[in-house]
Amino acid sequence: MTKLGIIVRADLGSGLQSQSYNLTRMLKPDRVLIVNSKPFNGAQQYPEMYEGFESFTSNGFPTNLDSARFMKNLTHVLTAETMYNNKMYEIGRLRGIKTYTQTNWEFNDHIKNPRLPKPTTWLMPSHWHLEEMQSIHPNTVYLPPPIFMNDFKEARNANLSRDGKRRFVHII
């Protein structure tokens with residue numbers, strides 16, 4: 001039986017919060033590890049966005065003990081960009097837990113430092129540098145982040161309005 005854990009952020013407006021929240025909405029994991037980022041970025045936290053999920057919160061970067069507790073009885077762990085504690089990759093290997101990192105090429109420390117612990121599988125959210133990543137890490141697959149169309153309803157309505165104003169649509 002698969003038991004999925006996702007490492008998430010609860011600081012509204014950050015890219016990692018959005019990325020991890022959407023993965024959580026789509027995959028409905030058995031457990032989430034909410035990384036309270038306030039100690040390292042000062043951002044206000046909104047852990048209530050993960051109500052309804054079994055959750056565990058770390059105060060800043062998860063300690064080795066936090067990591068081991070979160071991973072207990074899981075079979076798979078997914079994170080966006082970083083594990084926040086590279087020991088999780090080792091814990092995963094020792095416990096037979098598959099680890100997945102949906103990496104962002106521009107922030108991937110493993111490119112510069114190939115000796116860092118690695119996930120079971122790298123997930124690339126776009127084709128940007130995909131082939132290069134696959135040549136460095138053959139365990140890399142393309143997996144775009146989930147998109148929920150209703151999240152764009154307000155923008156769509158504004159952009160399709162016929163009020164005579166010119167509109168500029170940006171990816172964010």
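Q: Why does Lys-87 count as partly exposed rather than buried or exposed?
A: In this predicted model, Lys-87 has 33% relative accessibility. Buried means under 20% and exposed means over 50%, so Lys-87 counts as partly exposed.

Q: What makes Glu-90 and Lys-87 a salt bridge?
A: Their closest N and O atoms are 3.5 Å apart. The cut-off is within 4 Å, so the pair counts as a salt bridge. Both residues lie in helix 4 (residues 87-95), three residues apart, about one turn of the helix. Glu-90 is partly exposed because its relative accessibility is 37%, between the limits of 20% and 50%.

Q: Why is Asp-11 called buried?
A: Asp-11 has 2% relative accessibility, and buried means under 20%, so the term applies. Asp-11 forms a salt bridge with Arg-9, with the closest N and O atoms 2.8 Å apart. Arg-9, at 8% relative accessibility, counts as buried.

Q: How do you know that Glu-54 and Arg-31 meet in a salt bridge?
A: The N to O distance between their side chains is 2.8 Å. A distance within 4 Å is required, so this pair qualifies. Glu-54 is in the loop between helix 2 (38-41) and strand 3, while Arg-31 is in strand 2, 23 residues apart. Glu-54 is partly exposed at 45% relative accessibility, whereas Arg-31 is buried at 10%.

Q: What makes strand 4 and strand 5 a pair?
A: Strand 4 (residues 76-80) and strand 5 (residues 98-102) share five bridges in the parallel sense. At least two bridges are needed, so the strands pair. Val-77 stands opposite Thr-99 in strand 5.

How values were computed: Residues numbered from 1 in each chain as written. Predicted model: local features only at pLDDT ≥ 70, side-chain atom pairs only at ≥ 80, totals over all residues. Heavy atoms only, no water. Helix = DSSP H or I, 4+ residues; strand = E, 2+ residues; numbered from the N terminus. Buried < 20%, exposed > 50% of the residue type's maximum accessible area, 1.4 Å probe, protein only.
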